[in-house]
Amino acid sequence: MPLCEGERMREAARVLVVDDQPNIVDMLATVLRFHGFQVSTAGSAAEAVRCAAEHRPDVVVLDVMLPDGDGFDVCRELRAGGHEIGIVFLTARDAPGDKINGLTYGGDDYVTKPFSVDELVARVRAVLRRIRPAAGQPQPGVLRFADVELDEEAIQVRRAGRLVELSPTEFKLLRYFMRHPNRVLSRAQILGEVWSYDFGGTSNVVDTYVGYLRRKLDQHGPTLIATRRGFGYTLTEG
């Protein structure tokens, strides 16, 4: 299997497939190219980091168990690069705790093996819709609520004039709240918007991320995200 193989297509979304099983890499690369994606491939953690730096993918399909490292560690390193990138974990580790860990480490989705190719392509497209809005959707701008300012284009958040460092998922969560201020949002609504699919009501990933977001925002002012027990959460000054 060629290392870090990639094509250059002008407008196609770029996908990096990372797996140490050549048959899976070849199959996914073929299917994704058929669906119009530009595809690069890597078979190890080190190759994944190098290819991501070289090809700047929009989405990474990332195996968790790699011969030279852990996919969760790769995810953290890619997130530290500063540019917005979608990450879909693809792994045989299917315990609920593994799924929650994957999303907590910064993944956007978590697909377990064996998997449906059509479902994986749909998941990749769902992640892409979040990071590359289609024509006709609201253009990036600046959202404001109380003393919080969210710049959708610069991917920055400030509270009381101070920069607040957020992960990509925390940023998406805050953006969703700021687009719907003073409205109670259920966990199902938040999952559908921020993660683009339903966990079946068995995951506490929403509560986990709301906790992360609250702690970072509350360092610079009073709590703005209120819990409505039995209903969900709301962004409010009251």
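This report walks through the nonpolar cores, the aromatic pairs and a few backbone details of a predicted model.

Residues are numbered from 1 along each chain as its sequence is written. Because the model is predicted, local features need pLDDT of at least 70 and side-chain atom pairs count only at pLDDT 80 or more, while totals for chains, interfaces and linings use all residues; side-chain values use heavy atoms, with hydrogens and water left out.

Let's start inside. Here a nonpolar core is a set of buried Ala, Val, Leu, Ile, Met, Phe, Trp, Tyr and Cys residues joined through side-chain atoms within 4.5 Å. Buried stands for under 20% relative accessible area, exposed for over 50%, and partly exposed for values in between (1.4 Å probe, protein chains only). The largest such core holds 28 residues, and Leu174, Phe177 and Ile190 have the most contacts inside it. Elements giving two or more residues to this core are β8 (142-145), β9 (148-151), α6 (168-179), α7 (187-195), α8 and β13 (232-235). Helices (H or I, at least four residues) and strands (E, at least two) are DSSP runs, numbered from the N terminus. A second, separate core has 22 residues, including Val17, Leu28, Phe37 and Val59.

Leu174 deserves a look of its own. Beyond its neighbours within four places in sequence, Leu174 is in contact (heavy atoms within 4.5 Å) with Val148, Leu150, Val157, Leu166, Leu213 and Leu217. Leu213 and Leu217 are also among the buried residues of α8.

Now for the aromatics: the structure holds three aromatic pairs. Rings of Phe, Tyr and Trp (its six-membered ring) pair if their centres lie within 6.5 Å; planes under 30 degrees apart count as stacked, over 60 as edge-to-face and the rest as tilted. Two of the pairs are set out here.

| Pair | Centre to centre | Angle between planes | Class |
|---|---|---|---|
| Phe89 and Tyr110 | 6.1 Å | 55 degrees | tilted |
| Tyr209 and Tyr212 | 5.4 Å | 75 degrees | edge-to-face |

Phe89 sits in strand β6 (residues 86-91) and Tyr110 in strand β7, so their pair ties together parts 21 residues apart in sequence. With Phe72, these two form one aromatic cluster. Tyr209 and Tyr212, by contrast, both belong to helix α8, three residues apart, about one turn of the helix. Tyr209 is buried at 1% relative accessibility, whereas Tyr212 is partly exposed at 25%.

Finally, the backbone. The peptide bond from Lys113 to Pro114 is cis, with omega near -5 degrees, and Pro114 lies in the loop between β7 (109-112) and α5 (117-131). Arg56, not a glycine, has a positive phi of about 50 degrees.
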